[in-house]
Amino acid sequence: MASEQLQIVIDMLRSAPALDGADVLAMRKNMDAMTAAAPAPEGVRLQAVAADGVPAEWTIAEDARGDLVIVYLHGGGYAMGSIASHRRHCGRLSQVTGARVLNVEYRLGPEHPYPAAVDDAVSAVRWGRSQGF
């Protein structure tokens, strides 16, 4: 029998529409729909924050240390992915590492061309440093 995590991935892939010929906006919508079924794990607290103007979310496991932080920049080729699509992953990351995770909602292309995403990532990291992390 598959683990709970593997079963979630299997179910997501089975429910995914075909991506043949889809543009990036359709692919993004499909990814968001697939990952909506994977909320943060139980015992993980979420807290919205603006990291120097960049939308972000603290993901904090019950036993996470206050002085240990991971700034998480989700995958997706700077064109897909979001706080919501990587919420479960960040929750598990916080649980396993004992760190607070800052999940960053950087701007995506093609609407926001390079270097928008990089600028947002740098701003979020600098904001974290200004908070003492």
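Modeller: What follows is a short talk about this model, which is predicted.

Biologist: Fine. Which residues make up the largest nonpolar core?
Modeller: That core has twelve residues: Ala 51, Val 54, Ala 56, Trp 58, Ile 60, Leu 102, Val 104, Tyr 106, Leu 108, Ala 117, Ala 124 and Trp 127. Strand S2 (54-61), strand S4 (100-104) and helix H4 (116-130) each give two or more of them.

Biologist: And which element gives the largest share?
Modeller: S2 does, with four residues.

Biologist: Take Ala 56. What is it in contact with, leaving aside neighbours within four places in sequence?
Modeller: Ala 56 is in contact with Gln 47, Ala 48, Val 49, Ala 51 and Ile 83, and also with Leu 102, Asn 103, Val 104 and Glu 105.

Biologist: What about Asp 52: what is its phi?
Modeller: Asp 52 is not a glycine, yet its phi is positive, about 55 degrees. The residue lies in the loop between strand S1 (44-51) and S2.

Biologist: Why does Asp 52 count as exposed?
Modeller: Because its relative accessibility is 52%, and exposed means over 50%.

Biologist: And Tyr 78?
Modeller: Tyr 78 also has a positive phi, about 60 degrees, without being a glycine. Tyr 78 lies in the loop between strand S3 (69-72) and helix H3 (87-97). Its relative accessible area is 47%, so Tyr 78 is partly exposed.

Technical notes:
Residues are numbered from 1 along each chain as its sequence is written. This is a predicted model: local features need pLDDT of at least 70, side-chain atom pairs count only at pLDDT 80 or more; totals for chains, interfaces and linings use all residues. Side-chain values use heavy atoms; hydrogens and water are left out. A nonpolar core is a set of buried Ala, Val, Leu, Ile, Met, Phe, Trp, Tyr and Cys residues joined through side-chain atoms within 4.5 Å. Buried means under 20% relative accessible area, exposed over 50%, partly exposed in between (1.4 Å probe, protein chains only). Contact means heavy atoms within 4.5 Å.
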